[in-house]
Every structure is written in C-alpha cells, then in structure tokens.
Amino acid sequence: MTRKRYLATACLGAILLLAGFAAFLPQSHPDALPNAFNPADLAWMLSASGLVLLMTPGLAFFYGGMVSKRNVISTMLQSFIALGVISVLWYVVGFSLAFGDSIGGVIGNPLTFFMFNNVGTAPHPRLAPNLPLVLYAAFQLKFAIITPALISGAFAERIRFWGYLLFMCLFSLLIYCPLAHWTWHPDGFLFKWGVLDFAGGTVVHISAGFAALAGALALGRRHSHLEGHTHVPPNVPFILIGTGLLWFGWFGFNAGSALAANATAVQAFFTTHMASAAAMLTWMMIEAVRGQRPSAAGAAIGAVVGLVAITPAAGYVSYGPALFIGVVSAAISAGAVDLKNRTTLDDTLDVFPCHGVGGIAGMILTAVFAKDGGLVPTGSWTLLLHHLGALAFISVYTFGGSYLLYKVTNVLIPIRVNATHEADGLDLSQHGETVLPAPQELESAKELRFVVRAS
C-alpha cells in the first residue's frame, strides 16, 4: 500500500470515528424561548450566511479563470474543499478557539463549544444576543472557510493536494482562530485595544495575504516562472463570473456583519458597493495611463480589491470615504502588483498585492475615516496609532507563523509537486481529471477531420 493510500485510510478512519463520536456524545443544545428574536434579523442573517458561503464558489471561478488550462480543476477544488474541511474543524474545535471563553484575551477555551456543545438556538449574551448562537456560529464559519481558499491563489499550479489540506487545517487552528479571537471576541486583546475590523479586513484578508506571501516564498517559483513565460489569463469569462459572485456575496460578508437587519447593515451595504465600483474604474484608468488597453480581467481585479479594502471599514465610514478608500486601495494594489512583477516573487495570482496590501490599506484608512475615533472626523491620532501597532504585530505573526507551518507541513507531507507533475498539470497529476480533451478524444478528432477533408 502506498503512502497516499495509508494517509487516505487514516483520514477516512478519523472521519468515521468522529461521526460515531458526534452521534452518541451527550451534548446540550439550549433552545430559545418562543418569540425570542426579531424575524427580520433571522431572515437577514440566514440570507447573509448564504451569501458569504456563495463567495467561496465565486472565488473558485475567479481563480480558476486565471490559471493555465492544465490547472483549472485543481485550483477550483482548492477553494471548494475548504467548504468541507473547515466546516468539520469549526464544528469540533474551531468555533471554541475563536469564540470560546477567553484565556487571557489570546485564545478561546477549546472546551467551551467543543463539538458544538452548548450551541443551540438560544442566544449568547455577549457574542450575539439578538441571534441564535448556532446561526452566529454558522455565519462566522463562512469567514473561516474562505480565508484558506484565498491563500491558495499564491501557490497555485505547484502544490500537492494532501499537503494543502494539512496546511489548511494548521492555518485555520493556529493562525485564523487566534486572530479572530483577538479581534472579534469581546475579551480579545485587540478588541479591547479598540482595533476596528467590521467584517474581516484584518482577520481574513491581511492574514490570507501574509500567509500567501509566506507560501510563495516557501514553495518557490514555478518552472514556467523561472523560464520567464508571461502568464495571460486563459478564461476571462470565468474571472468575470467569479467577480460577480464575489461582489454579490460580499454584501452578506459586510452588511451581514451588522448581525441584524438594521441601519448599520444598510450603510455597510452601500459603502461596500461604492468602494468596489470606484476601485474597478480606478484600476481600468491606471491600465490606460500605462498605455495598456482596459482589460476585463483588470476591471474584475480592481473590483475585488475595492471589496477587500472596504471590508474593515464598511459599517464605520460614510459614503464619500468609502469611495475614497476604493480609489486609493486600487491605486496602491496596482502599484504593488507592478512592483511584484519586477521581482522574482512567484505569487501566482497576486494574492499578497491584492488581498494583503488591499487589506492593509483598508485597515489604515478605517482608522483615518471611522466616524467614532477616526483621525479625520475627530482629530484624534489614538485609533490610527492603535491600528498601526496592531498591523505590525499581526503582520509578523501571520507571516512568520504561516512560513513555519509550511515548513512543518513539508516535513509531514511533501508540499511541492515534482517537475513532471507540474509539467503535466495538477488536474491530471493530483486528481486524474482534466478540462482538456483526453488523448484518445484528440486522436478521434484528428481522424474525423481527415475523413471530412478526404470526402
């Protein structure tokens, strides 16, 4: 039996044991009292959770349209598989680590909600008093799912599937969950420090950006990159479909973070749209200024950068600042992409220049324009200084921690595919599937063309 089959057998056994344990473990799932909630809040948060979930398939199309035809399936699957892996981790211990009873403001007690014990339709007085706790947990799960999926764009076309799964688990438990606890739990030390992150600019995008940068460095460059081949996105319609799904889902991402059907949700909805629209136009204008023709792929990337940058600020700023954030973030990220292209860094799909740098711009500009405590509305530097301090700490933790996790993963499971598999493409070498015609189909097509010409 090969090592892969041993690993697969062990994983299957673990899932079967977990399923049996979950089915028969005595647990408490407190029920809410009748009429405990506003039906509008429940309807909106159920919808918002679905919208955020839609973002992960959207990301799959967005990334899938950018890679070579030999790597489309593997790249898309790296997003889709997070729906399964992170959901199970979140149920077992992830939610506890992120939102369980705080241990020193650093991490949640893993036993607080272990296997969703004490999670039911009853509300939690501190986390979400106007929602069933299970709905709050489900909403937060969708953020945890998309974060490792975002990272995958940096090492697309060269990572082993099993190594990616292991890294995803380690990142979620050791990077994402602590960061979510620091930032969003009422006892988290960044939360107490006053750091504002309305919907995940810090927790999701900055962490994914620095993990992507670490991954690009840890895995090294693709052979095509070493040979200086220019990469042109082969499937722009996929990119546009993915962007549309991301933009649509992002309304749940940001407006849903109000955790109610209220005025803050409405504000976050519109600021999200304005920032993305402004960023899309800015990116296209930058292309034109550089002497390039405005591209559909560029417009799509600009729109996503605007969504990234407004995420930490969506519920804290007004409409004019949202437009400004979109314009500035697009300009900064476009410059970061150009700078990256002048180096040897092989961040395949520009995750760090777009999500990392876009998230950093959004985090800083949130402290500049936030209605409560922002530099421009109040003249106070306190919030901005706190954000800069938090940014420095988070950057070091997420980059250094992620780089270490790549090395640990590589010791346990080789994380980089060999040269032959990279040349064949990950669709075929990792999954035995391909979007290209099979060899026998190509031969049949050649024979058919010959017959048609002869006749």
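Helices are runs of at least four residues assigned by DSSP and numbered from the N terminus, and lining residues are those with an atom within 4 Å of a point of the cavity or pocket. In the second largest pocket, α1 (3-24), α3 (72-99) and α5 (161-184) each supply at least two residues of the lining. The structure described here is a predicted model.

The mean pLDDT of the protein is 93, and 96% of the residues reach 70 or more. Confidence is highest in α4, with a mean of 98, and lowest in helix α18 (residues 439-454), with a mean of 45. Over residues 444-455 the pLDDT is below 50. Beyond near neighbours in sequence, this stretch makes 0 contacts in the model. Where pLDDT is low, predicted coordinates should not be read in detail.

The largest nonpolar core contains 134 residues. Those with the most contacts inside this core are F62, I86, W90, F95, I151 and Y176. For I86, the residues touched are L141, A144, I145, P148, M168 and S172, leaving aside residues up to four places away in sequence. In soluble globular proteins, nonpolar side chains tend to be buried together.

The largest pocket holds about 1200 Å³ of space. Its lining is made up of 44 residues, and H231, V232, P233, N341 and D350 lie nearest the centre. Two or more lining residues come from each of α8 (223-226), α10 (263-289), α11, α12 (319-341) and α16 (419-424). Among these helices, α12 gives the most to the lining, with 5 residues. By class, the lining of the largest pocket divides into 17 nonpolar, 15 polar and 12 charged residues.

The second largest pocket has a volume of about 590 Å³. Of the 16 residues that line this pocket, C11, A14, I15, V85 and C169 are the closest to its centre. The largest share of the lining, 6 residues, comes from α3. The lining of the second largest pocket has 15 nonpolar residues, 1 polar residue and no charged residues.

The count of cavities of 30 Å³ or more comes to 2. The largest cavity has a volume of about 60 Å³. It is lined by F62, Y63, M66, I301, V304, V305, L349, D350, C354 and H355. F62 is also one of the residues with the most contacts inside the largest nonpolar core, and D350 is one of the residues nearest the centre of the largest pocket. At least two lining residues are supplied by each of α2 (39-64), α11 (296-310) and α13 (351-369), and α11 gives the most, with 3 residues. The lining of the largest cavity has 8 nonpolar residues, 1 polar residue and 1 charged residue.

The second largest cavity has a volume of about 40 Å³. The residues that line this cavity are M55, L59, I146, L150, V204, H205, L246, W250, F253 and H355. Two or more of the lining residues come from each of α2, α4 (133-151), α7 (201-219) and α9 (236-255). The largest share, 3 residues, comes from α9. By class, the lining of the second largest cavity has 8 nonpolar residues, 2 polar residues and no charged residues.

Two loop residues were examined individually. S152 lies in the loop between α4 and α5. With a relative accessible area of 0%, S152 counts as buried, because buried means under 20%. Leaving aside residues up to four places away in sequence, S152 touches Y63, Q78, S79 and Y164.

G188 is placed in the loop between α5 and α6 (189-193). This residue is buried too, with a relative accessible area of 0%. Apart from residues up to four places away in sequence, G188 touches G105, H181 and W182. The C-alpha atoms of G188 and T2, 186 residues apart along the chain, are separated by 45 Å.

Notes. Residues are numbered from 1 along each chain as its sequence is written. This is a predicted model: local features need pLDDT of at least 70, side-chain atom pairs count only at pLDDT 80 or more; totals for chains, interfaces and linings use all residues. Side-chain values use heavy atoms; hydrogens and water are left out. A nonpolar core is a set of buried Ala, Val, Leu, Ile, Met, Phe, Trp, Tyr and Cys residues joined through side-chain atoms within 4.5 Å. Buried means under 20% relative accessible area, exposed over 50%, partly exposed in between (1.4 Å probe, protein chains only). Contact means heavy atoms within 4.5 Å. On a 1 Å grid over the protein atoms alone, a cavity is a set of points where a 1.4 Å probe fits but cannot get out, and a pocket is an open set with protein on both sides within 12 Å along at least five of seven lines; lining residues have an atom within 4 Å of a point. Grid points are joined across faces, edges and corners, and a volume is the space filled by probe spheres set on the points. Ala, Val, Leu, Ile, Met, Phe, Trp, Tyr, Cys and Pro count as nonpolar, Asp, Glu, Lys and Arg as charged, and the others, Gly among them, as polar. pLDDT is the predictor's confidence in each residue, from 0 to 100.
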